[in-house]
Amino acid sequence: MIELVPNREFRLPITAECISPNVFEEKTLPEIEALKVWEGNKQKTLGGIFKIAESGADNQQKNNTITIHGDVTEVRGIGSYMKNGEIVIHGNVGLYLGVEMHGGKITVYGNTGGWAGSMMKNGTIEIHGNVGDYLASPYRGSTKGMRGGRIVVHGNAGNEAGAYMKHGVIKILGSAGQFLGLRMREGTIYVKNGCEDRAGACMSGGKIVIGGAVESILPSFTIDSIKKKAKVEEGEDAEGPFYVFLGDLAENGNGKLYVSKTSNPHLGSYEKFI
Amino acid sequence: MELLVKNGFVYDPLNGIDGQKMDIAVKDGQVVESVNERKAKKIDASGMVVMPGGVDIHTHIAGSEVNTGRLLRPEDHFKDHESKTSVTRSGVGRSIPSTFTTGYRYSRMGYTTIMNPSMPPLEAKHTHEELNDTPMVDKATYPLLGDWWFVLEHLASGNIDECARNVAWLIKATKGYAIKIVNPGGLEAWGFGHNVNSLDDQVPHFCITPREIIRGLCQVNKLLNLPHTIHVHTNNLGKPGNYITALETMKCVEDLATGTKPAIHITHCQFSAFKGDDWKSMESGTEPIANYVNNHSHVTLDMGQIVFTDTTTMTADGPFQYGLYGLTGRKWVNHDVETETSAGIVPFHYRRKNYVNAVQWSIGLELALLVKDSWKIFMTTDHPNGGPFTSYPRIIAWLMSRKARQAALKRLNLRAQSKSFLPSIDREMGFYEIATVTRAGQARALGLAHKGHLGIGADGDIAIYNINPEKTDPSQKFKTVRKAFRRAAFTIKDGKVVVKNGEVLRHVDGRTMWLDVQVSEPRGTTDDLKQRFKEYWTVEYENYPVGEGCLTASLPMTVKAQV
């Protein structure tokens, strides 16, 4: 197990895609300390900005778990491209957490910046705080959304969570921002509390479940039915009742938007169209 | 500054040198008979291939369209970035690299001259700003003239001489090099939401047909004695069954050719060689095209080869790009350049398992191999439409090795595999032919007397590749070929070593070549003309031309016209 503690308070953005179990494993401590990172426009070594300690068992995959203690809000790209192993972060973390993750697990006891789990293919991310915008969304301009895996957020999420999603599950146990599930094609997004406007804009498939209040539903969605509960993932259902909307018809879409009936009495006027 | 390249295997097709071991001497940026061996800087090229610097006849590298493509696709750049070094600037790359990176990457592959096709005359200043920032290579650009209103009007009224005077003025005003025609008539029609579907369709509001535009501009090209032929992107590009249009386009200028001199260049011919009625029945139409080209001397082609990758398509052919947008459902930029042309940009991913894409891949290579005379077909990818120019080494390997083609073919869509002509083609190009299709032929087609060869008086542009033709059989060791052409051992520009082992050593500004077409009786600047600019263009007549001061390194070439 490797433990990282920031040497000092970071003032400049740090790009450290090397903080990943796949990079660390099979490396000795001095080798890990010599890994290159960018701080602003200067190249530094990982050992120069973090205090790194090795501990725990001496089995073969000894560096398969990374623990970070402290505030790493300025550090970007932690856990990028990781395939297995585990990262635990006690503190807030910056942009691009777990970009294109293929497997393994990341746990954050704090908040994260934008693009957490961007373009991820598999694995699990659990965040015990709030996340920024573009949760699991692809890089700007790209259409490669989340392809698989599981993200659980215990706090709130920003705008455009789950954009271009193609597979997998996102659970947000707080509330979400605007454009939830923008252009999503498949997969499931569950928001326990409410979310802001334009949920499911341009979605062509998949499922969004909103357990709280929404201000309005996009006019390009049509009501289909009322259901008692909605399946979130294997063995977990969200209790309803829910209005089920289909859309986005502007994109010939066939996505399902579940919206809680009890939290949204103002949507009652839709019932006459069922 | 003297330089001596010693003991290389020289391939210089324009001078008929086929792999002879010899020395090349360069003095003050030009190839000379000999230099003082003691004083000269010597480069040991023993066991290496020495060729003239590469020439690319068709590559979209600068201009408003290219730049819009860059803005449209941040996802194209974010994984491919280059940090600055003590000599190079930083930049981002992949399908549409930033200007400096474009120059560096061409130079690393041994290219020294590149041609930017399709410049809307109205965007000439922007294009030249970007060309100024494309270092390491000499370059030129072709203004789009096929749908320019003055051309359409004068051709419709049958006044070829007046049309020629206007074209001469425009080439000089935009600092252009050749006449580019894209989907003649179709772009004007696109301004009204239409297209033309054959050479004999009427262009709305102009009483003219694509056939008349092509023939008219071909005559203008001859009257002005331009070094290159007309550079034509055919009608119906990218539609099944369009090989007939391509054949008709070649046929329609057959009688205008003099002697064996080419009269027309069909660019990215792969996109114009589809047989079939729809996408399901689409197949390769290379045989009739190759047969025609083999039997006629007035045509040159370039491949427009595709490679399987994610790239960005951009052409002035607005209606074609609209069709492509419909097929992909991805992002799309559409633009109508007032009174001149249109433009479209759509990202595209060529996939091996897609039947149509796999057939396209096969078509490009079939064309290159079925056209017997390698002076008639040149290697391009129509960068970035068929793939980025950085994939040239892969195409060279496919052309040189049947084994490489088979290996690539095996991974394609099965139906496309069974229909491909490639397994029946045994031809494998040697280094001599590769030198022809990548530099000598292109330089000859462009009329660049000092480029593409290593004879006395040629520019000191030399590419040296680390591959030994005596020891390596390119047909078997195609991976070695690919590696060698990816990173030139040395690139020499104007007698200076600019690249060594694929690393840029020195920054040089390339020159911008343009034609100073001299007509005996220049077109008058009448009040009527100024008034028309006021009414129809957003730019006033006085602000339209690009001054020579806009070019950092200007290289005018004087041409005496017949009118």
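I began with the helix pair H5(B) and H6(B), whose crossing is left-handed (left-handed if the near helix is turned anticlockwise from the far one by less than a right angle, right-handed if clockwise). I noted that helices (H or I, at least four residues) and strands (E, at least two) are DSSP runs numbered from the N terminus. The model is predicted: local features need pLDDT of at least 70, side-chain atom pairs count only at pLDDT 80 or more, and totals for chains, interfaces and linings use all residues. Residues are numbered from 1 along each chain as its sequence is written, and chains are lettered from A and ligands numbered from 1 in the order in which they are written.

**Entry: H5(B) with H6(B)**

I looked up the geometry of helix H5 (residues 149-156) of chain B against H6(B): the axes come within 8 Å and cross at roughly 165°. Axes are lines fitted to C-alpha atoms, for helices over the stretch in contact, and angles run from 0 to 180 degrees between N-to-C directions. H5(B) is therefore roughly antiparallel to H6(B); angles under 35 degrees count as roughly parallel, over 145 as roughly antiparallel, 65 to 115 as roughly perpendicular and the rest as oblique. On the H5(B) side I listed Phe150(B), Val151(B), His154(B) and Leu155(B), and on the H6(B) side Glu162(B), Cys163(B), Asn166(B) and Val167(B). Two residues are in contact if their C-beta atoms, placed from the backbone, lie within 7 Å.

**Entry: H6(B) with H8(B)**

I then took helix H6 (residues 160-173) and helix H8 (residues 210-223) of chain B, which pack at an angle of about 70° with their axes 9 Å apart. H6(B) and H8(B) are therefore roughly perpendicular to each other, and their crossing is right-handed. From H6(B), Ile160(B), Cys163(B), Ala164(B) and Val167(B) meet Gly216(B), Gln219(B), Val220(B) and Leu223(B) of H8(B).

**Entry: chain B as a whole**

I found 18 helices and 26 strands in chain B. Its C-alpha trace spans about 65 × 55 × 50 Å along the principal axes. Of its 563 residues, 56% count as buried (20 or more other C-beta atoms within 10 Å of the residue's own; exposed if 12 or fewer, partly exposed in between; C-beta atoms placed from the backbone). Among contacts between residues at least 6 apart in sequence, 77% join residues at least 24 apart.

**Entry: chain A as a whole**

For chain A I recorded 3 helices and 17 strands. The C-alpha trace of chain A spans about 70 × 40 × 25 Å along its principal axes. Buried residues make up 46% of the 274 residues in chain A.
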